[in-house]
Amino acid sequence: MLSRVYCASTIGVDARLIEVEVNRSGGLPKYFLVGLPDRAVSESKDRIDAALKNADAYFPRGRITVNLAPADLPKEGSAFDLPIAVSLLAVSEQIQIEKLEKSLILGELALDGKLRPVKGVLPMAVEAKNQGLDYIILPKENGPEAAVVDGIKVLPFADLREVMRWFENENSKAPLKINPKNLFSTNGKADVLDFEDVRGQENVKRALEVSAAGGHNAIMVGPPGSGKTMMARRLPTILPPLTLGEALETTKIHSVAGILDSGKSLVTHRPFRSPHHTVSDVALVGGGSIPMPGEISMAHNGVLFLDELPEFKRSALEVMRQPLEDGNVSISRARMSVNYPSRIMLVASMNPSPTGDWYDPDDENGATPMQMQRYLNRISGPMLDRIDLHVDVEKVSFDELSAKTKGESSASIRKRVIDAREIQSRRFMGIEGVYSNAQMNTKMARKICRIDDAGEGMLKKAMNTLGLSARAYDRILKVSRTIADLDRSESIQANHIAEAIQYRSLDREGWLG
């Protein structure tokens with residue numbers, strides 16, 4: 001006798017339907033599991049056996065062959081426990097099988113029959129809908145995540161007994177329904193970080209506002225204790241809110257990576273990822289025998305903060321160059337090749353020298369210009385070229401620290417950022433993959449970022465004086481366009497170009513002090 005149920009497996013941020021086929025025949029009791037299962041899938045038999053007994057069911061006798069098709073696709077994870085168990089129940093006629101062909105089944109089994117959550121549920125639910133299935137049966141903790149997909153009935157269960165009961169009586173469980181649009185006001189914590197807590201540093205806050213308004217990468221250079229990390233952690237509070245499409249994209253990645261909070265439906269706040277400088281290349285950009293997303297993809301539609309940039313391994317920084325340019329990571333392995341989106345804002349910080357301070361000719365024990373240059377040279381020129389804004393951060397004075405007045409709030413800065421992004425949305429309407437000034441390619445930048453004669457003369461002088469690269473030239477054009485958008489100016493003025501040139505401090509020979 002043969003039974004067949006549907007499960008799914010993730011490939012990148014997408015999913016593929018998997019058929020779990022179970023054949024039972026006469027002969028000595030024997031169990032075979034085929035179809036390129038990994039260790040977790042191969043160990044499912046013992047979990048399923050105990051779960052069935054504790055759910056007042058039994059493991060069928062005879063020669064049992066379980067095939068996970070397509071057989072040439074590697075299967076990994078514990079989501080196959082429940083579909084295999086249900087298929088075994090069906091082949092031994094312990095449940096009704098009419099609804100099996102219309103259902104996607106996912107879940108890990110505990111020994112007592114309870115269902116444990118699995119990862120990658122959102123892309124699996126999307127695939128189930130695309131394949132025309134009617135139901136998705138899964139652990140209750142994964143229910144809210146799957147329920148954001150419209151057009152499929154989501155049935156979350158606590159244990160195997162409830163699943164068996166539903167196959168006998170469809171009315172024993174009502175489908176879970178969630179309106180994704182309501183989650184943006186109910187599913188997030190209020191921001192506890194605010195730019196009003198930052199004393200002084202008005203020039204740095206202005207640079208981060210420009211960065212947020214155009215989606216530009218930025219690096220802050222300053223001594224310890226000047227507030228670089230403090231301001232970077234507050235950057236998400238001035239970014240525009242996620243759209244529903246962006247939230248779904250981000251949630252897919254977090255679901256596949258297994259970092260989505262249990263019982264949560266959507267990622268409704270822009271991600272902020274801050275890996276330690278000891279992070280490996282694979283952890284940063286993704287990889288593994290079965291490729292998983294790295295930090296750069298988990299920060300998709302949000303901020304990736306690299307504190308003390310020169311301390312990161314050079315190889316790790318170099319592998320980021322292509323994802324920063326293209327907005328996605330392509331990971332190729334012998335068995336498969338996957339793409340993970342990585343449209344991020346890179347924000348980095350660094351001390352000006354190994355001693356932590358700027359060059360001071362009056363300090364005999366301080367950093368020397370040679371030490372500062374060597375420290376900066378740990379970051380390659382092509383990597384620095386991909387960072388639009390270079391911002392010098394000075395120490396905060398006592399008067400600024402002790403001032404009673406608060407700084408400008410994140411809410412007021414965010415309003416200006418949103419207004420600038422709306423201008424860009426209208427500008428790039430109908431252009432796929434471009435949502436902000438930072439995402440323009442060279443051809444678009446030259447066409448859209450037109451400057452007057454005064455601005456062109458100023459930029460020409462800066463290019464010749466600073467020895468800027470062609471990529472730096474494009475960066476200045478894009479940043480000046482963002483500054484003009486913040487000013488609600490149709491054209492780019494000379495003062496916009498001047499401010500954008502100021503944000504290329506690491507290209508200047510005089511940055512050392």
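1. The largest cavity holds about 50 Å³ of space. A cavity here is a set of points on a 1 Å grid over the protein atoms alone, where a 1.4 Å probe fits but cannot get out. Its volume is the space filled by probe spheres set on the points, with grid points joined across faces, edges and corners.

2. The model is predicted: local features need pLDDT of at least 70 and side-chain atom pairs count only at pLDDT 80 or more, while totals for chains, interfaces and linings use all residues. Residues are numbered from 1 along each chain as its sequence is written, and side-chain values use heavy atoms, with hydrogens and water left out.

3. Which residues line the largest cavity? They are Thr10, Ile11, Gly12, Glu76, Val256, Ile290, Pro291, Met292 and Tyr340; a lining residue has an atom within 4 Å of a point. By class, six are nonpolar, two polar and one charged. Ala, Val, Leu, Ile, Met, Phe, Trp, Tyr, Cys and Pro count as nonpolar, Asp, Glu, Lys and Arg as charged, and the others, Gly among them, as polar.

4. The count of cavities of 30 Å³ or more is two. About 40 Å³ of space lies in the second largest cavity, and its lining consists of Ser9, Thr10, Ile11, Leu73, Pro74, Glu76, Ile290 and Met336. Five of these residues are nonpolar, two polar and one charged.

5. The largest pocket contains about 1,200 Å³ of space. It is lined by 47 residues, and Arg343, Gly433, Tyr435, Ser436 and Gln439 are the closest to its centre. A pocket is an open set of points with protein on both sides within 12 Å along at least five of seven lines. The lining has 15 nonpolar, 18 polar and 14 charged residues.

6. Which helix gives the most to the lining of the largest pocket? H18 does, with five residues. Helices H10 (244–257), H14 (321–326), H18 (410–427) and H21 (470–486) each supply at least two. Helices are DSSP runs (H or I, at least four residues), numbered from the N terminus.

7. Helix H8 covers residues 202–214, and at 1.5 Å a residue its 13 residues should span 18 Å; the end C-alpha atoms are 19 Å apart, which agrees. The expected span is 1.5 Å times one less than the number of residues. H8 is largely enclosed by the rest of the structure, because 10 of its 13 residues are buried, meaning under 20% relative accessible area with a 1.4 Å probe, protein chains only. Among them are Val204, Lys205 and Glu209. Gly215 follows H8 and has a positive phi, near 70 degrees.

Terms used. Buried < 20%, exposed > 50% of the residue type's maximum accessible area, 1.4 Å probe, protein only.
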